Amino acid sequence: MSDVTEQDSTPRADRDKPKLKRAIGPGLLLLFIVGDVLGTGIYALTGKVAEEVGGIVWLPFLVAFVVAALTACSYLELVTKYPKAAGAALYTEKAFGIHFVTFLVAFAVMSSGLTSSSTAARAFAENFSNGFGLELGGWMITLIGLGFVAAIALINMRGVGESVLVNAVFTCIELTGLIIILVIGMLVFGAGDVDIGKAFDFDTGEDGVFWPVIAGTTLAFFAMVGFEDSVNMAEETKDPGRNFPKMLFAGLIIAAILYVLVSVVAVSIVPLDQLSEGDTPLLKVVEAGAPGFPPWIFGLITMIAVGNSALINLLMASRLIYGMSEEGVLPGVLGKVNRKRRTPVTAILFTTVLAAGLITFVGAVPQLGGTTALLLLGVFTVVNIAVLVLRKDKVEHDHFRTPTWVAIAGAVTCAFLVGPWTGRDPAQYGIAAVLIGIGIVLWVVTRLWMRRE
């Protein structure tokens, strides 16, 4: 008479394979979301959005928040229904079951994380140069960015617990920087030295208000896309079904309020032509509103803020690659987990090399930021459709359920913002096309590899 347990019936290779560690509680999850949404977007792109719309720079951020909130509801239903790593790619595979489509969605999300982390790494280098008065340029900026990405990879290798703790510290420093901006704003407004009415100037030229705001929103959306990174950490989150809804909505609301307030202060204190130059708009706010404040201190805060975005996005990208390997969409070698650290070591190395390539050969922050938003808007359209398709797939546990009209509105608004009628820089379509082309080549290679295996 034999007694076979469930564990005994599991293939030995699967039983012996180490899994990711659940180390992210509700507090760390909230800081993860807030830190990602507040990072490079507000510290590096505020001026670029102001260039599109003038004084009403806060409005594109607000529109981007509404669009992001619609899609966040779809993500919440899916992450609480399927609490695994891989996020959008996993949902696409379950909804449509087409390997090519799943692979491209996975590659697009990974590419968005890499373009975002590359944007952050270059912004880190720019702030290092400007904050310390070094006036570096060219290859020195690139080398600093590459060194920074290598340091992040080492933190990521160390362990998810260490990574999210670093994220928590960095997020608190980010918030300190934004509080400094708001305090400067209150002091300057209180002294009557500036006119807050500039922040409500709707004079955007002959094009009216609508299309300039849409153009600004396509760039500002980059500032709100951090929320979806968190779903790729589902396997490392404690009780995701309970924690994700509360923390995701709280994180988005906190970020939206801060974006609006900081934008109003920035355009009120710094002339628009100066604010839109370079990649350090908030540093200019400090220099104009508080000349006595040491610029290197705020430069350091900005470096940490954008560095936090790079850390989070490389974390996300590596977990996405790991999750897709676990689902059989990518080769098994990319799912290798370090037994001691329980981190996806091969996926970390793979994504770090790709990020280094983007930093070296692409460069421009607005182009990378806009490309990140473009890729994710396409993915968000698919996710909003997938949540409706997967309604027929029932699970035994309770999960969040988004209203049908919200998912439909999310799909329509995201698809609209993808189009060239929004005034998006054509270079972003070029970068995205090259990345998707690489993805198609990798899909062919992956199919051949997996068939041989």
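What percentage of the 453 residues of the protein chain count as buried? And for the close look: which residues make the nonpolar surface patch?

Modeller: Of those 453 residues, 56% count as buried, where buried means under 20% relative accessible area, exposed over 50%, and partly exposed in between (1.4 Å probe, protein chains only). Residues are numbered from 1 along each chain as its sequence is written, and side-chain values use heavy atoms, leaving out hydrogens and water.

Now, your patch. Phe96, Ile98, Phe100, Ile385, Ile440, Val444 and Leu448 make it, covering about 570 Å². Patch members have over 30% relative accessible area and no salt bridge; like charges are joined within 9 Å, and nonpolar side chains (Val, Leu, Ile, Met, Phe, Trp, Tyr) within 5 Å. A salt bridge, by the way, is a side-chain nitrogen of Lys or Arg within 4 Å of a carboxyl oxygen of Asp or Glu. Helix H19 (residues 426-452) supplies the largest share of the patch, three residues. Val444 lies in H19, and it counts as partly exposed because its relative accessible area is 40%.

Zooming out, the chain has 19 helices and zero strands; helices (H or I, at least four residues) and strands (E, at least two) are DSSP runs, numbered from the N terminus. The accessible surface of the chain is about 17,900 Å², with 65% of that belonging to carbon and sulfur atoms; such areas come from the Shrake-Rupley method with a 1.4 Å probe, and for residues only the protein chains shown count as cover.

Just after H5, Gly54 takes a positive phi of about 75°.

How far can you trust all this? The average pLDDT (the predictor's confidence in each residue, from 0 to 100) is 81, and 89% of the residues score at least 70. Helix H1 (residues 6-9) has the lowest mean among the elements, 42, while helix H18 (residues 404-418) has the highest, 94. Over residues 1-13 the pLDDT is below 50. Where pLDDT is low, the predicted coordinates should not be read in detail.

Notes:
Predicted model: local features only at pLDDT ≥ 70, side-chain atom pairs only at ≥ 80, totals over all residues. Contact = heavy atoms within 4.5 Å.
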